[in-house]
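Here are some comments on the helices of this model, set down as numbered points for you to check against the coordinates. Please keep in mind that the model is predicted.

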Amino acid sequence: MHSIIIPHRNRNRYLTQCLQSIGGAYRAVRPDPTIEVVVVDNQSVHCPRGWAGSGTPTIRVVNCRHRAADGAFNKPAVLNTGIAEARGDILTFLDCDAIVGPKWLQGIERLYDDLTITRLCYRVRKLPAERLMELERSQKPNVLLGDWFSHYDDYPRSHEGYILPGLNGEAGLVFGNSQFSIRRDVLGDLRFDESYSGRGFEDISFIRTIYKKLGPNYKAEILTDPDHAMFHIEQTEAEKTQWGPPELTAANRERYFADDN
């Protein structure tokens, strides 16, 4: 089974579009793939709902009970809950503001076809925040998405690590970004570091941890074509503040580079 783990707090509008794009990718695979989507919610005002039905993947919503004293969103704690709850032998970490390409789910076959690949990464390009409302109001959202993906390379690219996890680049040893898939046997007992609270560095810290564990056996690929990659709809500045106090980002940066040895 393939488990897609999505961390969430108060991003229901984004999550709705993300799940719909996964549903479209699901229907493009025949026979129906065996997947589950595990939405891990942390203290949302309106908790999302799961569902199961023909022609769509199973959506499970589980609660992460982690509560930070400063109200910050602790993404590592949420994702660690997802790892514990997921039933798949392959785990994919996906942010709730993602819109996946029409054949995105087919890319996972790389992890079954080549067991030397330890991480499968995905290119991310950024859609401006106003595109969320445009998508919600569209009478033909699939046509609209098709147009965006047909012009995929015209949009700015998000961080894509090469050579080092935190080094945004173009080529070299692939580290990608926080959107990736991994076999559970490769992940083993590794978990996200929950000392990274708030926004920033928690993902590249985890990628670096995986790399250090695997050493010379580390091998990653990144899917860059529109059909198998994704967009992220950018958050507004007000939404970004909901991660927690801004000083946490500075603390996370300091923690990351202090551990860089």
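1. Among the elements that cover the buried residues of H9 is helix H7, which runs over 202–214. The buried residues in question are Leu248, Asn252 and Tyr256. Because they cover an arc of only 75° around the axis, they sit on the same side of H9. Glu247, Glu254 and Ala258, on the other side of H9, are exposed.

2. The length of H9 is in agreement with its residue count: helix H9 has 12 residues (residues 247–258), which at 1.5 Å a residue should span 16 Å, and its end C-alpha atoms are 17 Å apart.

3. Within helix H7, Ser205 deserves a look. Ser205 has a relative accessibility of 6% and therefore counts as buried, the cut-off being under 20%. Once its neighbours within four places in sequence are left aside, Ser205 is in contact with Tyr196 and Tyr256, and Tyr256 is one of the buried residues of H9.

4. Helix H2 (residues 75–85) is largely enclosed by the rest of the structure, because nine of its 11 residues are buried. These are Lys75, Pro76, Ala77, Val78, Leu79, Asn80, Thr81, Gly82 and Ile83. They pack against strands S1 (2–8), S2 (35–41), S3 (58–63) and S4 (90–93), and also against helix H6 (184–187) and H7.

Note on methods:
Residues numbered from 1 in each chain as written. Predicted model: local features only at pLDDT ≥ 70, side-chain atom pairs only at ≥ 80, totals over all residues. Heavy atoms only, no water. Helix = DSSP H or I, 4+ residues; strand = E, 2+ residues; numbered from the N terminus. Expected span 1.5 Å × (residues − 1). Buried < 20%, exposed > 50% of the residue type's maximum accessible area, 1.4 Å probe, protein only. Arc of directions from axis to C-beta. Contact = heavy atoms within 4.5 Å.
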